[in-house]
Amino acid sequence: MHVAMIGTGYVGLVSGACFADFGHVVTCVDKDAAKIERLKKGEIPIYEPGLDDLVAQNVSAGRLHFTTEAEDAIAQADAVFIAVGTPSRRGDGHADLSYVYAAAEEIASLMDGFTVVVTKSTVPVGTGDEVEAIIQKTRSDADFAVVSNPEFLREGAAIKDFKIPDRVVVGTENERAREVMRELYRPLFLNETPILFTSRRTSELIKYAANAFLAVKITFINEMADLCEAVGANVQEVSRGIGLDGRIGRKFLNAGPGYGGSCFPKDTLALTKTANDYKTPVRIVDTVVEVNAARKKAMADKIIKAMGGDVKGKTIGILGLAFKPNTDDMRDAPSLDIIPALIEAGAAVRAYDPESMHEAQKLMTGLDYAENAYGAIDGADAMVIITEWDQFRALDLDRVKDALNTDIVVDLRNIYSPEDMAKRGFKYISVGRP
């Protein structure tokens, strides 16, 4: 089948490459000419393990193309995916749908014959109705169906999540559109992947509900970590004890500095705004948003307390800047709250991240960047782990001890053993552990 992917951001590029690998002919369209030129040269604008090879293989096979010109791509397409950004709108927290609606207008003017218009972007309930209305208004003779097909891609594991997903959700009650979507995802049927066909509005809500629930789990275990610290319990054992319950599950129960990234912050906020608009507030999610924001700010206080309550004139070595490992994504990363607060308190900060420093430099000033982990902590008065990259799990601790001016290690991801760190002579502060 022929697919047009409107937008070459994280979702559009990963989805386009994976559909091409399924055997479809995919054209990714973006108005950013510089980005398209980079992609044509084989340069991937985001860090996602395995994506560069996947793109190269499918470009070489003639199944994956990149262009700034949408006309031919949309006219030939059996399905056109809208995969543009939906950032939080300034002022009110609602999702900004201007890019989605602009894409719908363009698709309407260019499509030829029956076309399935698929909303892949994360959008509030009712967006598909508005996209349908825009297309009908722009092109009264259009033969089309609007489908919701939310993505559930984890940054750092996106290719696996696309090819071996827990489920695929398709929101449409149009039988012709269902057949097109079945054909697009046919390789997954062979693996017996659950494919849930539902109404469009239900599909849109599933995406927000899923992300909100995961954000609740993260925030719950973070609050349990605070309680553990107060009563002398171990949050990792609490997590394991409740996670072994099949009704709860083990995932997303790792205590840390709070969630960030491209999805959870904006999606929880958008869900609360939508719920309030319909006068059915989701109070649990409201609280989660507030608690998570406060937690990220509180992590700076935790570090300052570990360093004796005053960091003026002291140097802090930071390991990890991205919101999670295996990505260069800095959106709403805890480091964006923690580091400026430390600098404001008078500390000198030197940081290292394997992939995200180029993005961090656009967002934070007043700190130095190191070439590696040991460079970040050389001569520092404390080592602070914010992102749990694998390479930080296996540091040479003797070398760490020699590099630091003190014995202070603040581990906001609990990647080391308190007992082992104590034996090595570190003053080790973790999250929710005695």
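Student: Which residues of β5 point one way, and which the other way?

Tutor: Happy to start there, and keep in mind that this is a predicted model. In a regular strand the side chains alternate between the two faces of the sheet. In β5, Val116 and Val118 point one way, and the other way point Thr115, Val117 and Thr119.

Student: Which strands pair with β5, and in which sense?

Tutor: Look on both partners in turn. Strand β4 (residues 79-82) pairs with β5 over 4 bridges in the parallel sense, and there Val80 stands opposite Val117. Strand β6 (residues 144-148) is joined to β5 by 5 bridges, with Ala145 of β6 opposite Val116.

Student: What volume does the largest cavity have, and which residues line it?

Tutor: The count of cavities of 30 Å³ or more comes to 1. Its lining includes Thr119, Ser148, Glu204 and Lys207. As for the volume of the largest cavity, the value is about 40 Å³.

Student: Lys207 is in that lining. Is Lys207 buried or exposed?

Tutor: Lys207 sits in helix α10, residues 200-231. Beyond its neighbours up to four places away in sequence, Lys207 touches Thr122, Pro150, Glu151, Phe152 and Asp267. Its relative accessible area is 3%, so Lys207 is buried.

Student: How far apart in space are Leu153 and Leu188?

Tutor: Leu153 lies in the loop between β6 and α7, and it is buried, with a relative accessible area of 11%. Leaving aside neighbours within four places in sequence, its contacts include Tyr10, Val14 and Phe162. Leu153 and Leu188 are 35 residues apart in sequence, and their C-alpha to C-alpha distance is 16 Å.

Student: Which residues touch the most other members of the largest nonpolar core?

Tutor: This core has 60 residues. Its largest share, 5 residues, comes from helix α13 (residues 283-306). Another core, of 42 residues, lies apart from it, with Val14 and Met181 among them. In the largest core, the residues that touch the most other members are Ile318 and Leu342.

Student: What is the phi of Phe252, and what is the phi of Asn326?

Tutor: Phe252 lies in the loop between α11 and α12, while Asn326 lies in the loop between β9 and α14. Phe252 counts as partly exposed at 30% relative accessibility, and Asn326 counts as partly exposed at 31%. Neither is a glycine, yet each has a positive phi. For Phe252 the value is about 65°, and for Asn326 it is near 65°.

Technical notes. Residues are numbered from 1 along each chain as its sequence is written. This is a predicted model: local features need pLDDT of at least 70, side-chain atom pairs count only at pLDDT 80 or more; totals for chains, interfaces and linings use all residues. Side-chain values use heavy atoms; hydrogens and water are left out. A nonpolar core is a set of buried Ala, Val, Leu, Ile, Met, Phe, Trp, Tyr and Cys residues joined through side-chain atoms within 4.5 Å. Buried means under 20% relative accessible area, exposed over 50%, partly exposed in between (1.4 Å probe, protein chains only). Helices (H or I, at least four residues) and strands (E, at least two) are DSSP runs, numbered from the N terminus. Two strands pair if DSSP finds at least two bridges between them. On a 1 Å grid over the protein atoms alone, a cavity is a set of points where a 1.4 Å probe fits but cannot get out, and a pocket is an open set with protein on both sides within 12 Å along at least five of seven lines; lining residues have an atom within 4 Å of a point. Grid points are joined across faces, edges and corners, and a volume is the space filled by probe spheres set on the points. Contact means heavy atoms within 4.5 Å.
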